[in-house]
Structures are given as C-alpha cells and as structure tokens.
Amino acid sequence: MSDKVIIFDTTLRDGEQSPGASMTKDEKVRIARQLERLKVDVIEAGFAASSEGDFQAISAVAAAVKDSIVCSLARANDKDITRAADALKAANAKRIHAFLATSPLHMAVKLRMSPEEVLEQAKRSIRFARNLAEDVEFSAEDGYRSEMDFLCRVVEGVINEGATTINIPDTVGYATPELYGEFIKTLRTRVPNSDKAVWSVHCHNDLGMAVANSLAGVKIGGARQIECTVNGLGERAGNTALEEIVMALRTRKDYFDMVCGIDATQIVPASKLVSQITGFVVQPNKAVVGANAFAHTSGIHQDGILKNRDTYEIMRAEDVGWATNKIVLGKLSGRNAFKQRLQELGIAIEAEADLNEAFVRFKTLADQKSEIFDEDIIAIMSDSAAAEEGEFYKFISLSQHSETGERPKSKVTFRVGDKEASSEAEGNGPVDASLNAIEQIVKSGAEQLLYSVNAITSGTQSQGEVTVRLAKGGRIVNGVGTDPDIIAASAKAYLSALNKLHDPSQAKLNAQMTP
Ligand code: KIV
Ligand code: ZN
C-alpha cells in the first residue's frame with residue numbers, strides 16, 4: 001500500500017502573511033469551506049494571539065469546518081498557546097502548532113536566548129500544549145539553518161513531551177532539494193524517538209524551489225506531511241503551492257508511490273476563490289491553475305492533441321476542475337435551472353433567501369450578457385457572499401463620458417446607509433473619475449495600494465473582475481467587484497473595500513506580528 005501524505009494547508013495563516021493578502025473573518029470562513037471541499041487534512045486558520053480579529057476568525061472557522069482538523073499557530077509560550085486552544089474550542093478536531101526559532105542567528109539576534117534556554121522553552125511549551133490538545137505540532141523556525149546536533153536535541157526533547165508532528169521549516173527559502181531531503185533524513189535517523197511523530201516539511205519559495213524541496217523532503221527525507229498554500233501564497237516569494245504538490249504526487253505516482261486525500265476537481269475553484277478574495281492574480285503560465293496551463297496554441301501541438309491527448313498532456317484540465325467555458329444558462333433560464341447548476345458546481349446554498357438574492361443577481365447579469373458561463377455563476381455567488389458580510393455602501397448606477405483630448409467625467413449613484421447619494425467628478429481616466437466621485441462623498445482618505453482588472457472568461461463579452469486594495473490607519477482591505485462594464489466593476493470594487501474599512505469587524509491589521 002502507498003504511504004499517505006498529510007496535506008496541511010496554511011493559506012489562511014502563512015498565505016495571509018503576503019503583504020496585502022489579509023482576509024476578514026467571513027472571507028476566511030468562505031475559503032475554509034472550500035478547503036474542506038478540497039479535502040485537505042489540516043487547515044491552519046490563523047495565529048490566534050496575533051490579533052483579536054484573527055482569534056475571531058479562527059473561532060469562526062473552527063465552528064464552520066466539520067471534516068478537516070483546524071489548527072492555530074502559537075509562539076512557544078503559555079499565553080499564545082492558551083489563546084490558540086481557546087480559539088479552537090468549537091473545532092471537531094483541533095491542533096495547536098507551537099513554533100520557536102532554533103537557528104544560531106534567530107536565537108542570538110531575534111530571541112536573544114541561549115540554545116539551552118530555547119531547548120527548555122520548546123519542551124515546556126509542548127508539555128503545556130499537550131494539556132490543552134492531543135494533537136500538537138512543533139515547528140523549529142529557521143530549522144534548515146539550524147545546527148544539526150542542537151536541532152536533534154530539541155526535536156528529541158519535544159517528542160518526549162508529546163509533540164505529535166515535527167515540522168522543519170526552510171523559513172527563508174535557502175534549501176535545495178537534495179540537501180533538504182538529506183537534512184530531514186539525517187534528523188530522522190539521528191533522533192532516537194523519531195518514529196513517535198509525523199515529520200513535516202514547510203518550504204518558502206525565495207529561490208523558486210519550494211515545491212521541489214517539499215517533495216524531496218518526502219521522497220528522500222521520509223516526511224509525511226507537507227505544509228502548503230493555494231496558489232503558493234505566502235511571505236515574500238510565497239510558500240509551497242498545494243496544487244503543484246497534489247498533481248505531482250498524482251501524476252508521478254510511479255515515482256513517489258504516495259497518495260493524498262485531496263479531491264483534485266476542487267483545485268481550480270479553490271484557486272479562483274483565493275485569488276478573488278486576496279486580489280493576488282494567478283499568472284497565466286502558473287502550473288495547474290494558470291489560465292494557459294492547459295492551452296495549446298502551436299499547430300503541431302494542437303494536431304497532436306486532436307490525434308491523442310497524451311501527446312502533449314500529462315494531466316487533464318477537467319481533473320483539476322477547469323470547466324470548459326460551457327455556456328450553461330441564459331436570459332430564459334429559470335430558478336430551478338440556476339439552482340441545479342449551483343449544485344453541479346458544488347456550491348452549497350444554505351437559506352432560501354440567499355438563493356433568491358443570488359437568482360436576482362443572475363437575472364440582472366443575464367439581461368446584460370446573453371451567455372452565462374460557470375465562471376460567471378461563481379462570481380455571482382462570491383458577490384452574494386460578500387454582500388452578506390454587510391453593505392453600508394451599495395452601488396446603484398453610473399454614467400460616464402470620455403472623449404479623446406478631454407478629461408473623463410463620471411457620475412456615480414450609490415447608497416450610503418439608508419440614503420441615496422450622487423456625485424460627479426473628473427479624473428485621469430474613466431475609472432479614476434468614478435472613484436473620485438465616490439471619494440467626494442465618502443472622504444475615506446484611504447491610500448490605494450492596488451487596482452487590477454481581470455477578465456472572468458475569454459472574449460470582450462466577458463465580465464471584468466476588479467480588485468482594489470486600500471490602506472488606512474494600519475488596516476489593509478481588499479474589495480472585489482464584477483460587471484460586464486469594467487468602470488462599474490471598478491466602482492463596485494471600491495465600494496466593497498470601503499465597506500470593509502467602514503465595518504471594523506471586517507478589517508484586520510495586516511500581517512501577523514511574527515514570524
Ligand atoms: O516559515 C516558517 O518558519 C513558519 C513557521 C512558523 C511554521 O511559517
Ligand atoms: Zn512559513
């Protein structure tokens with residue numbers, strides 16, 4: 001029988017540490033639900049002690065998720081660990097993940113602790129955590145740059161105290177595949193009680209080798225847990241990409257001889273959801289989830305594919321959840337057809353009122369756009385979920401004028417609480433004019449960090465999906481808006497970001513304190 005690799009997803013924690021990728025509580029719950037559909041084994045929902053917002057988000061994820069283990073990160077001290085345990089109270093299955101740096105540089109400069117003090121604190125923290133949870137993971141932060149003899153002592157010590165998973169991060173993305181694999185192997189060979197815990201890898205992508213290093217940690221080193229994120233989101237250059245790990249294990253089962261429990265057909269929906277919520281667009285040539293990952297343009301390739309798909313394809317687009325741009329519904333489609341398509345797409349609608357609201361959005365879109373694709377339906381449902389998070393500002397309409405050689409003008413009408421407001425402004429372009437018009441009324445003074453437009457499907461009929469990232473008072477929020485008119489999509493995205501700034505429970509401090 002092939003060995004099982006545990007997939008530990010840290011999109012909601014390490015992924016969230018990407019500058020600008022902070023998520024609200026409701027966004028984390030939406031992603032966690034998708035991670036559960038993906039059947040990840042462990043969902044690291046956040047770092048409970050880092051902020052009240054993250055504590056609430058972890059509690060909400062713990063209550064929402066039924067099948068996956070829910071985990072919180074904690075520094076290796078009693079206060080953080082207690083906070084993690086409290087946040088995880090509602091979880092069906094919970095894990096506390098304590099970390100402490102073990103490299104000479106981190107111990108001396110960051111922690112200002114001697115190696116003996118670090119060893120004692122690591123052991124004490126795991127002893128403490130084991131009183132609060134059965135499932136306790138220890139991470140030796142900057143583990144790959146730690147001294148082997150010392151790291152062996154730390155790992156042996158924490159396993160004796162009851163750590164059930166040992167994670168050896170390459171925190172700064174310094175490792176290379178063979179060296180990292182050998183490093184894990186040496187540790188497992190030298191630590192006398194190594195068989196009492198599951199070994200885990202956690203690799204950053206600074207040199208573009210996170211996936212290769214993680215796979216080497218499994219193949220050469222004998223690790224059986226991989227920590228990863230959807231779309232490879234994470235600090236700096238990111239973390240190990242979940243979709244690449246899963247498809248490498250699956251496509252090269254002949255070599256790895258390993259299985260994981262992931263439902264690969266949920267990979268693309270997960271990728272799109274994470275990209276939409278964080279505003280991190282997936283590069284077109286990204287493996288597995290990039291828009292071009294299964295596109296064949298050269299004539300020779302197309303000819304080969306038509307004769308036999310195996311000539312140029314090692315994976316099937318449909319196996320990872322790429323819908324084939326099927327026209328599914330149109331103006332004349334009824335409520336039942338809409339509901340059935342949602343079910344086929346695996347989108348759960350809990351309340352009848354939510355279905356009605358989503359159907360109204362569908363009808364409005366179908367009036368503007370004759371062909372409705374699966375991607376459009378997914379965007380409608382994301383809009384509906386975002387609307388549930390509370391809309392103080394709500395887009396109503398927009399009219400706009402631009403002419404070569406003249407400054408564009410825009411008039412935007414939107415709700416502010418229970419009142420309607422209209423404002424006109426000029427700008428460098430039509431988008432700028434529309435956002436200026438909104439800003440004239442709202443006067444948020446927020447700094448614009450990002451503005452991006454993406455076509456949801458192909459062709460000029462496509463809806464535009466706009467992401468706007470705003471910063472104010474140390475808070476960073478993302479707003480997303482979709483519409484066949486990209487100027488209207490921009491106004492919606494801006495209002496959606498303003499809604500989050502307006503509701504403090506929907507915004508959080510960006511990036512956790514450490515690590
Ligand atoms: O990169 C890292 O070292 C981490 C640990 C806290 C697991 O994210
Ligand atoms: Zn990390």
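Hi everyone, some ground rules to start. The model is predicted, so local features need pLDDT of at least 70 and side-chain atom pairs count only at pLDDT 80 or more, while totals for chains, interfaces and linings use all residues. Residues are numbered from 1 along each chain as its sequence is written, chains are lettered from A and ligands numbered from 1 in the order in which they are written, and side-chain values use heavy atoms, leaving out hydrogens and water.

Confidence next. pLDDT is the predictor's confidence in each residue, from 0 to 100. The chain has a mean of 91, and 95% of its residues reach 70 or more. Over residues 509-515, though, pLDDT stays under 50. Where pLDDT is low, the predicted coordinates should not be read in detail.

Now the metal. Which protein residues are donors to the zinc ion, ligand 2? They are D14 through OD, and H202 and H204 through NE2, at 2.0 to 2.1 Å. A donor here is an N, O or S atom within 2.8 Å of the metal (3.2 Å for Na, K and Ca), and water is not among the atoms, so sites may look incomplete. Along the sequence the spacing reads D-x187-H-x1-H. Helices (H or I, at least four residues) and strands (E, at least two) are DSSP runs, numbered from the N terminus. Both D14 and H202 are buried; that means under 20% relative accessible area, with exposed over 50% and partly exposed in between (1.4 Å probe, protein chains only).

On to ligand 1. Polar side-chain atoms of R13 and D14 each lie 3.0 Å from an oxygen atom of ligand 1. For H204, a side-chain N or O atom is also 3.0 Å from a ligand 1 oxygen. Taken alone, ligand 1 exposes 260 Å², and the protein buries 98% of that; these areas use the Shrake-Rupley method with a 1.4 Å probe.

Let's visit D3, in strand 1 (residues 3-4). D3 is partly exposed, at 37% relative accessible area. How far apart are D3 and D257 in space? Their C-alpha atoms are 7.2 Å apart, although 254 residues separate them in sequence. The side chains of D3 and R224 make a polar contact of 2.9 Å (a pair of N or O atoms within 3.5 Å; within protein, one must be able to donate a hydrogen and the other to accept it, and residues adjacent in sequence count only if both atoms are side-chain atoms).

Most residues other than glycine have a negative phi. D142 has a positive phi of about 55 degrees, and K443 one of about 50 degrees. D142, in the loop between strand 6 and helix 6 (148-160), is buried at 1%. K443, between helix 16 (430-442) and strand 16 (447-455), is exposed at 65%.

Technical notes: Contact means heavy atoms within 4.5 Å.
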